[in-house]
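Hi there,

Here is the structure I promised to pass along. Please have a look when you get a moment; my notes follow below.

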Amino acid sequence: MNEGVHQGFLGTAAPRYADAVLVFEMGMGLALLAGAVFARRRMFRLHAWCQSAVVLLNLAVILLVMIPSFQSNVGPKIPAKLGRAYYGLATVHAALGTGTEIAGLYILLAAGTNIVPQRFRMKRYKLWMRGVLASWWLVLLLGLATYGRWYV
């Protein structure tokens with residue numbers, strides 16, 4: 001790699017903000033696992049605060065960084081270049097990530113507020129929460145793959 005190519009702090013060709021988002025997302029992934037441990041230990045208030053904070057922080061990252069990046073780097077090339085890894089990985093990451101974030105927001109609203117009407121609330125919280133946690137980690141791995149394809 002050319003010595004002047006990388007701008008970020010991880011030693012790749014990524015800009016600093018991409019490195020920061022990657023590290024921040026990894027931290028959020030670990031925080032979600034910590035939140036799952038809190039639930040397992042029946043520390044439900046701490047669990048709720050931890051998971052809610054991550055879902056809301058992730059929403060901010062999506063809105064401020066990921067959507068603009070997708071719109072400028074990937075969106076204009078879809079569907080023509082969807083078969084190329086650069087665009088395909090980012091698109092799958094975005095699609096699954098969007099669904100996972102929406103599911104996380106739904107859980108936050110349904111479990112932590114009275115905003116969602118009773119008839120639309122989930123019945124099996126554990127199943128939903130575990131499913132979203134697993135999906136979140138799949139999205140995180142797809143994000144790592146996207147970062148690798150784009151910058152490594």
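**What I found**

R42 is exposed, its relative accessible area being 63%. Please keep in mind that this is a predicted model. You will find R42 in the loop that links α1 and α2. Although R42 is not a glycine, its phi is positive, at about 65 degrees.

Two packed helices are described by the angle between their axes and the distance between the axes. For α2 and α3, the axes come within 11 Å and cross at roughly 150 degrees. Angles over 145 degrees count as roughly antiparallel, so α2 is roughly antiparallel to α3. The crossing of α2 past α3 is left-handed.

Which residues make the contact between α2 and α3? On the α2 side they are S52, V55, L56, N58, L59, I62, M66, F70 and N73. From α3 come Y86, Y87, A90, T91, H93, A94, E101, G104, L105 and L108. Sorted by class, this contact has 12 nonpolar, six polar and one charged residues.

Next, α4, which covers residues 125-151. With 27 residues at 1.5 Å a residue, α4 should span 39 Å, and its end C-alpha atoms are 38 Å apart, so the two values agree. The buried residues of α4 are V132, L133, S135, W136, V139, L140, L142, G143, T146, Y147, W150 and Y151. What do these buried residues pack against? Their partners are α1 (16-40), α2 (44-73) and α3 (85-112).

One more residue to look at is P15, which lies in the segment before α1. Is P15 buried or exposed? Its relative accessibility is 17%, and the cut-off for buried is under 20%, so P15 counts as buried. Leaving aside residues up to four places away in sequence, P15 touches Q7, G8 and Y151. Y151 is also one of the buried residues of α4. By contrast, P15 and P117 are 43 Å apart in space, C-alpha to C-alpha, and 102 residues apart in sequence.

Best wishes

Terms used:
Residues numbered from 1 in each chain as written. Predicted model: local features only at pLDDT ≥ 70, side-chain atom pairs only at ≥ 80, totals over all residues. Heavy atoms only, no water. Helix = DSSP H or I, 4+ residues; strand = E, 2+ residues; numbered from the N terminus. Expected span 1.5 Å × (residues − 1). Buried < 20%, exposed > 50% of the residue type's maximum accessible area, 1.4 Å probe, protein only. Contact = heavy atoms within 4.5 Å. Axes fitted to C-alpha atoms, helices over the stretch in contact; angles between N-to-C directions. Parallel < 35°, antiparallel > 145°, perpendicular 65-115°, else oblique. Left-handed = near helix turned anticlockwise from the far one by under 90°. Nonpolar A, V, L, I, M, F, W, Y, C, P; charged D, E, K, R; others polar.
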